[in-house]
Each structure stands twice: as C-alpha cells, then as structure tokens.
Amino acid sequence: MTWMKAQRAPSASLLLIENWLEKWLNGKAQRGGPCLPHKRPELQEVPEVTVFSVDPVELGDPNMLICYVDKFWPPMITIKWLKNGQEVVDGVVETIFYLCQDHTFCKFSYLPFIPTWGDYYDCRVEHWGLSKALLKHWEPQVPLPVSESTETLVCALGLAMDIVDIIVGTVLIIKAMKMKSARKVQGPL
C-alpha cells in the first residue's frame, strides 16, 4: 500500500506510518543506530535533525518527507515544515515522543508533497537546548532534463559517425578487391 492510498483513510495512514517507523527504529537499534545507550542525558540535550524522502524523488510523483529529530531532552520540542519559506500545516503528521535507551527522545514529522522544480523545504525545530530555531534544508536532487538541442546534437554526431563508418568500410572493401585482383594478375611467385 502506498502512502497516497493510505492518505484517504486517516487511520490507515497513521497505521502505515507507525509500522514503517517501528521497523525503521528496530533496524537502527540492531545496526547500532542512534537509539542505543551511550550516556544519560544532561540537563538539556540538543536535538540532531535529519530530513529525507521516503521514496526516490521523481518530479510530479507524490512522495513524503520525513524530519527525524533525535537525541534531545527534555521531551518538549516544536517541529514545523516550511515550503519555499512559507509554513505548511496541511497533511503534516507527527509521531509521539519515542524514548531511546540512552534516555533521550526522538520524534518524526511527516509531510506529504509532490516534488516540483524549484521548490525547497525546511524542517524547523525549536527546543530549549537551542539558542535559536534549527533549520534543516532539503530540496529535490533530480537530474536536469536533457534539452532538445542536446538530443539533436547527440543524434547528429551519431549519424555523422555512421556515415564515416560507411565511407571507411567502402574504401577498405574497394582496396581489398583491388589487392585481390592485383595478386591474380601477378600470379604465384
């Protein structure tokens, strides 16, 4: 089930996100990820923020951005999404606070979006341990579309190489035939 289908039923969407989150957190813990014990929290732990998309980005194809905030304490945090500098609230879903084994917390925020050329997104995190809001920038990393003039140039170069190959092949065949006929005229030595 894709997240867009799950979007139609709020409970199915949240269930899909929670299942994915549980698998992801379990995988991180098994690989020695951020939720394994390393120290007890101090008075305030500053959050670490990561932003990534669920699927590889294709312009025009629905996708979901995830803002993963990790290693913070106390569990009081504000996560906001910005699109092109403007706050976005439609479709945003946040998880509960997850307690990690090191007694810090992590939390996820999800933003469904349709990648468009030129759009950029920021996940803004506010926490007591930060002197100012932390902005984590994200924009689609998609290859530039090939222009028609580039396609035409590549096609013309390919055609030119084919013509050169035909001419060189014809010249070699003619030379080979002349050499063969010259041997017949000379006879054996």
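Is Leu 159 buried or exposed? The legends below, which describe a predicted model, begin with this residue.

**View 1. Leu 159 in helix α3.** Leu 159 belongs to helix α3, which spans residues 148-186. With a relative accessible area of 52%, Leu 159 is exposed, because exposed residues are those over 50%.

View 2. Leu 159, Ile 163, Ile 167 and Val 171 together make a nonpolar surface patch. The area of this patch is about 370 Å².

**View 3. The annotated segment, residues 156-174.** An unreviewed UniProt entry gives residues 156-174 the annotation "transmembrane region". In the model, this stretch is 100% helix and 0% strand.

**View 4. An open sheet of four strands.** The strands of this open sheet follow the order β4-β3-β8-β9, and their pairing is antiparallel. At the edges are β4 (86-88) and β9 (134-138), each of which pairs on one side only. On average, neighbouring strands of the sheet are turned by 35° against each other, direction ignored. In general, the strands of a sheet pair through backbone hydrogen bonds, in either a parallel or an antiparallel manner.

**View 5. The pairing of β8 with β9.** Strand β8 comprises residues 121-127 and pairs with β9 in the antiparallel sense. Five bridges connect these two strands. Which residue of β9 is the bridge partner of Asp 122? The partner is His 137.

Conventions
Residues numbered from 1 in each chain as written. Predicted model: local features only at pLDDT ≥ 70, side-chain atom pairs only at ≥ 80, totals over all residues. Heavy atoms only, no water. UniProt positions renumbered as here; feature names shortened; annotations may be inferred. Patch = residues over 30% accessible without salt bridge, like charges linked within 9 Å, V, L, I, M, F, W, Y side chains within 5 Å. Areas by Shrake-Rupley, 256 points an atom, 1.4 Å probe, with all protein chains shown as cover. Salt bridge = Lys/Arg side-chain N within 4 Å of Asp/Glu carboxyl O. Buried < 20%, exposed > 50% of the residue type's maximum accessible area, 1.4 Å probe, protein only. Pairing = 2+ DSSP bridges. Axes fitted to C-alpha atoms, helices over the stretch in contact; angles between N-to-C directions.
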